[in-house]
Amino acid sequence: MDVDLLVIGWGKAGKTLAGRFAAAGKTVALVERSPEMYGGTCINIGCVPTKDLVVSAEERRDSDDPQEFFRTAVAGRDALIGTLNAANHQMLEKPGVTLVDGTARFTGPRTVVVDTAEGQVELTGETVVIGTGATSRRVDLPGFDSPRVFDSTTIQHIDPLPERLVIVGGGFIGLEFASMFTHFGSKVTILDRGEEFLPRVDRDVAEAVRQTLLDMGVTIEQGVRPTSLDDDGTHAVVHTTKGDFAAEAVLVAAGRVPVTGELGLEAARIEVDERGFVVVDDQLQTSVPGVYAVGDVNGGPQFTYISLDDNRIVWGAVMGQGTRRRSDRVAVPNTTFITPPLSMVGMDETQARKSGRNVLMAKKEVAKIAAMPRPKIVGETHGLFKLFVDADSQEILGATIFSIDSQELVNMVALAIRLGAKVSDLRDGIWTHPSSTEAFNEVLGTLEPLA
């Protein structure tokens with residue numbers, strides 16, 4: 001089969017491009033190796049199901065039985081994801097789109113052979129989009145093949161809920177699951193190989209996050225490297241450079257690696273970097289003309305909204321004016337969904353100090369923001385706000401918001417940065433009450449020169 005667009009992997013960018021090309025009258029083939037992944041990582045095993053579990057965990061009360069509550073939460077998660085998975089498949093059940101279940105491997109620059117249940121299918125695309133994503137990194141240490149060892153996907157269906165959970169990795173994914181499982185009722189211990197907690201975050205923010213996790217009951221061990229694991233059938237013991245840690249389950253949250261091993265990229269002469277990610281240019285084209293790589297597989301920021309923007313870039317390059325590029329992206333926000341969520345955009349304090357600008361900083365703890373009663377209403381007053389402003393232009397340079405609703409507030413700051421808004425636009429804005437947005441009225445009134 002020859003098609004105008006061949007998409008390998010049903011992620012955010014790939015499925016969006018498939019729909020857009022089909023709407024434009026083009027022929028499309030979309031290959032996905034697992035029916036459980038219709039729609040991509042985000043809706044099936046990533047952003048949506050984990051955040052659904054986060055919300056459920058936050059709703060648990062001390063009077064709830066942890067095991068029964070967790071099973072009910074997982075059932076709710078599965079019902080939601082089943083609906084979204086089916087809806088994503090239905091979205092592309094349209095004229096001009098051929099959906100192929102199977103594993104693709106390249107045999108030439110723009111040709112793949114797909115192993116399906118019915119046999120092999122050969123597909124050639126005038127334009128090819130690789131969107132196979134990334135998967136959890138495995139720990140190659142003795143004993144870590146135990147059935148008590150989970151990754152961020154498999155632990156979402158752990159049964160029973162572990163009384164004790166050891167998390168190997170102190171990055172953002174590990175912290176999300178630490179917060180979640182603590183709220184579900186597990187006793188969580190984080191083993192972080194780094195000597196410094198959240199080393200790429202401002203020290204005061206990192207300390208606020210650490211203290212919040214400690215207040216929940218999470219144990220955090222720094223400078224710890226696992227060496228092996230023993231499983232006696234009732235629990236696991238993680239042996240480390242700083243002692244042994246016992247638990248009913250172990251979550252490995254040690255980063256993610258690209259899913260490229262079975263693609264046969266060498267047959268197409270598609271280049272990858274030293275980590276295995278597909279090398280792309282500023283418009284996401286690989287080393288082979290007409291072949292693009294989108295989403296997590298190209299080594300960029302691993303967020304579904306980046307994948308959505310990848311779709312815009314590829315669409316422009318193939319079907320449009322070709323003006324949009326990765327380097328055009330400004331003020332891309334991110335959020336870690338611990339409780340409360342931690343969100344960041346633009347410059348942090350370290351970057352502001354190194355910018356050579358005359359910088360003003362506003363900083364205030366959430367519990368002390370009188371103009372924002374919402375955290376007190378919902379009973380979550382942990383956190384702080386930090387915002388940075390160019391003293392000369394009055395433009396906003398960045399923000400770190402560790403607070404309830406920060407995943408929404410950070411988008412407002414991101415838009416303000418992109419539009420070149422002045423600090424007064426946020427500080428003197430008229431916002432609904434009671435809302436978290438009101439914090440800007442008060443916090444931005446405390447601007448002082450960054451010493």
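Me: What do the buried residues of α1 pack against?
Reply: In this predicted model, the buried residues of α1 pack against β1 (2–8), β2 (28–32), α4 (66–91), β3 (97–101), β6 (119–130) and α8 (304–319).

Me: Which residues of α1 are buried, and what makes a residue count as buried?
Reply: The buried ones are Ala13, Gly14, Lys15, Leu17, Ala18, Gly19, Phe21 and Ala22. A residue is called buried because its relative accessible area is under 20%.

Me: What is the expected reach of helix α1 (residues 12–23), at 1.5 Å a residue?
Reply: The expected value is 16 Å, and the 12 residues of α1 reach 17 Å from the first C-alpha to the last, which is close to it. After α1 comes Gly25, with a positive phi near 90°.

Me: Why are β21 and β22 called paired strands?
Reply: Pairing needs at least two bridges. Strand β21 (residues 384–390) and strand β22 (residues 396–402) have 6 bridges, in the antiparallel sense, so they count as paired. One of the bridges joins Phe385 to Ile401 in β22.

Me: Which residues does the UniProt dimerisation annotation cover?
Reply: The unreviewed UniProt entry places "domain: Pyridine nucleotide-disulphide oxidoreductase dimerisation" at residues 332–442. That span is 30% helix and 26% strand, with its end C-alpha atoms 25 Å apart.

Conventions: Residues are numbered from 1 along each chain as its sequence is written. This is a predicted model: local features need pLDDT of at least 70, side-chain atom pairs count only at pLDDT 80 or more; totals for chains, interfaces and linings use all residues. Side-chain values use heavy atoms; hydrogens and water are left out. Helices (H or I, at least four residues) and strands (E, at least two) are DSSP runs, numbered from the N terminus. The expected span of a helix is 1.5 Å times one less than its number of residues. Buried means under 20% relative accessible area, exposed over 50%, partly exposed in between (1.4 Å probe, protein chains only). Contact means heavy atoms within 4.5 Å. UniProt positions are given in the numbering used here, feature names are shortened, and annotations may be inferred rather than shown by experiment.
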